[in-house]
Amino acid sequence: MFKPQPVLKRYYDSLDEGKFVALKCEECGYYEWPPKPTCSKCFSTDMEWVELSGNVMVEDIWEIGKAFAPPFLAKYAPYYGVLAKTAEGTPFTGIIFGITDGVAAKAKLPFEAKLDTLQLDGFKVAVCKIEE
């Protein structure tokens, strides 16, 4: 069973509640998401928990077929990898669901999406979702 460390525990507990939280640097204002206790921009440890809006801007997508999907995600294939940025400005990579036509979706880049959760074995993970 997955046993998260203190910072990760708060993050995963929030996902269970349907919330997306980050650590915001009190020195420079950067949002660490997923959270970690040190700011990636200025290395400050003066961090405060904040809830994210759940809005993201998708900058790129790529198809992940069944042959490349990890076993625990194979049942969702084909799905798409995503390079995105939270509305609060933090870039991240992940997966996105709701794309039925990758060519059409790529032609619309950049486009807005929402954060959502996916239940895995014993914990949830954050993913992106659109409604085409």
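This is a predicted model: local features need pLDDT of at least 70, side-chain atom pairs count only at pLDDT 80 or more; totals for chains, interfaces and linings use all residues.

Visitor: What makes the radius of gyration agree with a compact globule?

Guide: For 132 residues, the globule rule gives a value near 14 Å, and the protein chain has 15 Å, so the two agree. Along its principal axes, the C-alpha trace spans about 45 × 35 × 25 Å. Buried residues make up 39% of the 132.

Visitor: What closes into a barrel here, and in which order?

Guide: That's 5 strands, in the order E4-E5-E6-E8-E7, with mixed pairing. Neighbouring strands of this sheet are turned by 50° against each other on average, direction ignored.

Visitor: How do you know that strands E7 and E8 are paired?

Guide: Pairing takes at least two bridges. Strand E7 (residues 111-119) and strand E8 (residues 124-129) are joined by 6 bridges, so they count as a pair. The two run antiparallel. If you want a place to look, Gln-119 has Lys-124 in E8 as its bridge partner.

Visitor: And which helix lies across E7 and E8?

Guide: Helix H1, residues 6-16. H1 runs at about 60° to E8.

Visitor: On to the inside. Which residues have the most contacts in the largest nonpolar core?

Guide: Ile-61, Ile-96, Ile-99 and Phe-111, in a core of 24 residues. At least two residues of this core come from each of H1, strand E4 (55-64), strand E5 (79-86), strand E6 (91-97) and E7. Another core, of 11 residues, lies apart from it and includes Ala-69, Ala-77, Ile-95 and Phe-97. As background, nonpolar side chains tend to be buried together in soluble globular proteins.

Visitor: Now the backbone. Where are the cis peptide bonds that you've marked?

Guide: One runs from Trp-33 to Pro-34, with omega near -5°. Pro-34 sits in the loop between strand E2 (31-32) and strand E3 (47-51). Another joins Leu-109 and Pro-110, with omega about -10°. Pro-110 belongs to the loop between helix H2 (102-107) and E7.

Visitor: What makes Phe-43 worth a flag?

Guide: Phe-43 has a positive phi of about 65° although it is not a glycine. Most residues other than glycine have a negative phi, and most peptide bonds are trans. Phe-43 is found in the loop between E2 and E3.

Visitor: Is Phe-43 buried or exposed, and how do you know?

Guide: Exposed means over 50% relative accessible area. Phe-43 has 62%, so it is exposed.

Visitor: Last topic: charges. Why is the contact of Lys-9 with Asp-13 called a salt bridge?

Guide: The rule asks for a side-chain nitrogen of Lys or Arg within 4 Å of a carboxyl oxygen of Asp or Glu. In Lys-9 and Asp-13, the closest N and O atoms are 2.9 Å apart, so the pair qualifies. The two are 4 residues apart in helix H1, which means about one helical turn between them. Lys-9, at 42% relative accessibility, counts as partly exposed, and so does Asp-13 at 32%.

Visitor: How many salt bridges does that rule give?

Guide: It gives 3. Asp-60 forms one with Lys-106, the closest N and O atoms being 2.6 Å apart. That pair links distant parts of the chain, with Asp-60 in strand E4 and Lys-106 in helix H2, 46 residues apart. Asp-60 is partly exposed at 28%, and Lys-106 is partly exposed at 41%.

Visitor: And why does Lys-129 with Asp-116 still count?

Guide: Their closest N and O atoms are 3.9 Å apart, and the cut-off is 4 Å, so the pair counts. Lys-129 is partly exposed at 40% relative accessibility, and Asp-116 is partly exposed at 28%.

Notes:
Residues are numbered from 1 along each chain as its sequence is written. Side-chain values use heavy atoms; hydrogens and water are left out. Axes are lines fitted to C-alpha atoms, for helices over the stretch in contact, and angles run from 0 to 180 degrees between N-to-C directions. Contact means heavy atoms within 4.5 Å. A nonpolar core is a set of buried Ala, Val, Leu, Ile, Met, Phe, Trp, Tyr and Cys residues joined through side-chain atoms within 4.5 Å. Buried means under 20% relative accessible area, exposed over 50%, partly exposed in between (1.4 Å probe, protein chains only). The radius of gyration is taken over C-alpha atoms; the globule rule is 2.2 Å times the number of residues to the power 0.38.
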